[in-house]
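Thanks for coming. I will go through one structure today, starting with a pair of helices.

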Amino acid sequence: MKKEDKHKSEVINLNAVKKYYYMGDNVVKAVDGINLRVKKGDFIAVMGPSGSGKSTVMNLIGNLDVPTHGDIYLGGENTSYFSESDLAELRGKRVGFIFQQFNLIPNLTVKENVMLPMDFQGVSKQEREEIARELLSKVGLGDRIDFYPNQLSGGQQQRVAIARSLANDPDVILADEPTGNLDTKTGEKVISFLKALNKEGKTVIIVTHDLYVAKHAKVIYWLKDGKVEKKTRKRK
Amino acid sequence: MVNYFLFSFKNLKKRGIRSWLTLLGIFIGITTVIALITLGSGLKAAVNAQFGVSSTQVITVQAGGLAYGAPGSVVVTPLTKQDAEAIEKLSSVNIAIPRNIESGKLEYNDIVAFGYAVSIIEGREKEIYKLLDVETEKGSLLRSGDRGKVMLGYNLMKEETNPFGKEIVPGKKVLVNEQKFEVVGILERQGSFILDNVVWMLDSDLNDLFDYGDDVGLIAVEVKDKDLMDKAKEDIEKLLRKRRDVKVGEEDFEVSTPEAALEQVNSVLNAIQIFIVIIASISILVGAIGIINTMTTSVLERKKEIGTMKAIGARNKHIFFFFFVESGLMGLVGGMIGIIIGTAMGFAGISALNSFLGSTTTPDIDVVLIFFALLGSFIVGAAAGIIPAMRAAKQNPVEALRG
């Protein structure tokens, strides 16, 4: 019981995680021993220049990728021994992804896009519709639910993506350069949405190379050469 | 349950013309099969009508070898009226009627056409009419003593179907081999090219024109009972061998039952059908390969989509079914177009056949056939999608997300 309690507050735990790529005799150390503990309600930014292993870290946090060494705990469960397909179900439930290029499914309407993660978890149709409507009005797109992604502006699309990331009420929102494809003003709006979500108690992790974005986080992990160079905490 | 059909349907709607072109194979295959089967059953019905299968109790006896042998190629001993009388005495036979068919000139409205005239033995006309199921459309049937009079087949009446450019009605006079005859009646449409284009006259009149004496073109035999068909055939053969002094296997006459004639035609039709089915199968195979090709391309094009779906929780089976169902739907669409065009072609073919043969076959829509064609085209499409769908499902999420 004690162990479970400990993990309850711990959303994600990267324990001495390494990701090596073997190319002939060369070893590329994309991530070289990272410890990263994310607690419920955290707002974390992973910062670093390109080539720092930032993307790999984000893939590992999101359980899209598996480490070559070390363990990853998602919601207290060690995912090392999960099959790719079981991992899919787990991340669908516990992680909400937001991508730089929004990654909406172009042939589905806004509402259907938000419903999709719930489809995969076997949520009933009625419930899916209800939740999708609710989330879309929360991000201010209640009047656009039957639009297709290409009928929306970039900022609106990213708001759909935020709604989609919340569909299965995940423990953590994982955003990869969420403002990278947006102008400053729209980007700020997206960030403010993420901040609001964090205020409501959602754990938010942003992976970015943009200090301006990272500054909104409570904790910043600075990556360099696949390692955490430093960790800074925002003063209250 | 994930609504694969909705998703696939939406994806297909956005497909470019290139994808649809790959359906050509499936479409041609299904079109061919449907048109062939619709036409085939119509064709068989039309052929059956030609042979007057309604009167399945009628056996035809003819001199010579094959009934369709080239005239004049063999010197044959003709059958005679006495042969017919002898046949009629057989216990398995009800009646045997000698008939003569002669080709000659028919003239009306100053236009001459070539055609056939058939004989009616006086005193037996009622039996003939009953045997051949003959009734008049207009006027009356020929009776004994109606010399100098003729009945015409249905097609000879109408201006559209006769060569004379003018309708012929009872009471008009026509010339047969320069002899004047009065038309007393027009026969009902029989649905047979031969029967609908023929001139009927009394045997004595036809004999005057062509002078065949006791020789007989063919003998129409009505069997006492349907079940006695084979026995009657054997009896007649035995009798004629004796009368004509020929051995078994050297017959210079032929006793043909309608079934035998039909079987021959049907075996030709079946051979044609098998050939066309092979062509159809090849084109469906080509269509399937086309679908494999498009779906493979589609998997590559939608790599990022696959990655995204995996990120938001899609299991491998979900991805597999998205592509599998989409591929099946593609096949289904090809099948649907094929069924529509194929049915239309079948109907057009049958109406062409009807106007050519004067038959009255009505094509019907075979619901079972359509169901299986749809099911089959979905299965072909889905089967073609298996490998691309597996490739899609096995994508590594990180690589797929990179696009």
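In chain B, α4(B) passes α8(B) in a right-handed crossing. A crossing is called left-handed if the near helix is turned anticlockwise from the far one by less than a right angle, and right-handed if clockwise. Before going further: this is a predicted model, in which local features need pLDDT of at least 70 and side-chain atom pairs count only at pLDDT 80 or more, while totals for chains, interfaces and linings use all residues. Residues are numbered from 1 along each chain as its sequence is written, and chains are lettered from A and ligands numbered from 1 in the order in which they are written.

Back to the helices. Helix α4 of chain B covers residues 81-88 and helix α8 of chain B covers residues 229-244. Helices here are DSSP runs (H or I, at least four residues), as are strands (E, at least two), numbered from the N terminus. The two axes come within 10 Å and cross at roughly 140 degrees. Axes are lines fitted to C-alpha atoms, for helices over the stretch in contact, and angles run from 0 to 180 degrees between N-to-C directions. α4(B) and α8(B) are therefore oblique to each other; under 35 degrees would be roughly parallel, over 145 roughly antiparallel, 65 to 115 roughly perpendicular, and the rest is oblique.

Which residues meet there? From α4(B) they are B:D83, B:A86 and B:I87, and from α8(B) they are B:I236, B:L239, B:L240 and B:R243. Contact means that the C-beta atoms, placed from the backbone, lie within 7 Å. By class, this contact of α4(B) with α8(B) has five nonpolar, no polar and two charged residues. Nonpolar covers Ala, Val, Leu, Ile, Met, Phe, Trp, Tyr, Cys and Pro; charged covers Asp, Glu, Lys and Arg; the others, Gly among them, are polar.

Chain A has a helix pair to set beside that one. The axes of α4 (residues 110-120) and α5 (residues 125-138) of chain A come within 9 Å and cross at roughly 125 degrees. That makes α4(A) oblique to α5(A). The crossing of α4(A) past α5(A) is right-handed. On the α4(A) side the contact includes A:V110, A:V114 and A:M118, and on the α5(A) side it includes A:I131, A:L135 and A:L136. Eight nonpolar, no polar and four charged residues make up the contact of α4(A) with α5(A).

Next, the cores. A nonpolar core is a set of buried Ala, Val, Leu, Ile, Met, Phe, Trp, Tyr and Cys residues joined through C-beta atoms within 7 Å. Buried means 20 or more other C-beta atoms within 10 Å of the residue's own, exposed means 12 or fewer, and partly exposed is in between, with C-beta atoms placed from the backbone. The largest core has 115 residues, and A:V46 and A:I205 have the most contacts inside it. Helix α11 of chain B, residues 316-357, gives this core its largest share, 13 residues. A second, separate core of 48 residues includes B:L79, B:V150, B:V221 and B:V255.

Leaving out residues up to four places away in sequence, A:V46 touches A:K54, A:V57, A:M58, A:I205, A:V207, A:Y221 and A:L223.

How many residues are in contact between the chains? On chain B there are 17, and on chain A 22. On the chain B side, α1 (4-13), α10 (303-311), α11 and α13 (397-402) each give two or more residues. α10(B) gives the most, with five. That side divides into six nonpolar, five polar and six charged residues.

Last, some loop residues. A:D42 lies in the loop between β2 (26-39) and β3 (43-47) of chain A. A:D42 is buried or exposed, which of the two? A:D42 is buried, with 20 other C-beta atoms within 10 Å. A:D42 and A:A217 are 175 residues apart in sequence, yet 8.5 Å apart in space, C-alpha to C-alpha.

A:D225 has a positive phi of about 50 degrees although it is not a glycine, and with 13 C-beta neighbours inside 10 Å it counts as partly exposed.

Technical notes
Two residues are in contact if their C-beta atoms, placed from the backbone, lie within 7 Å.
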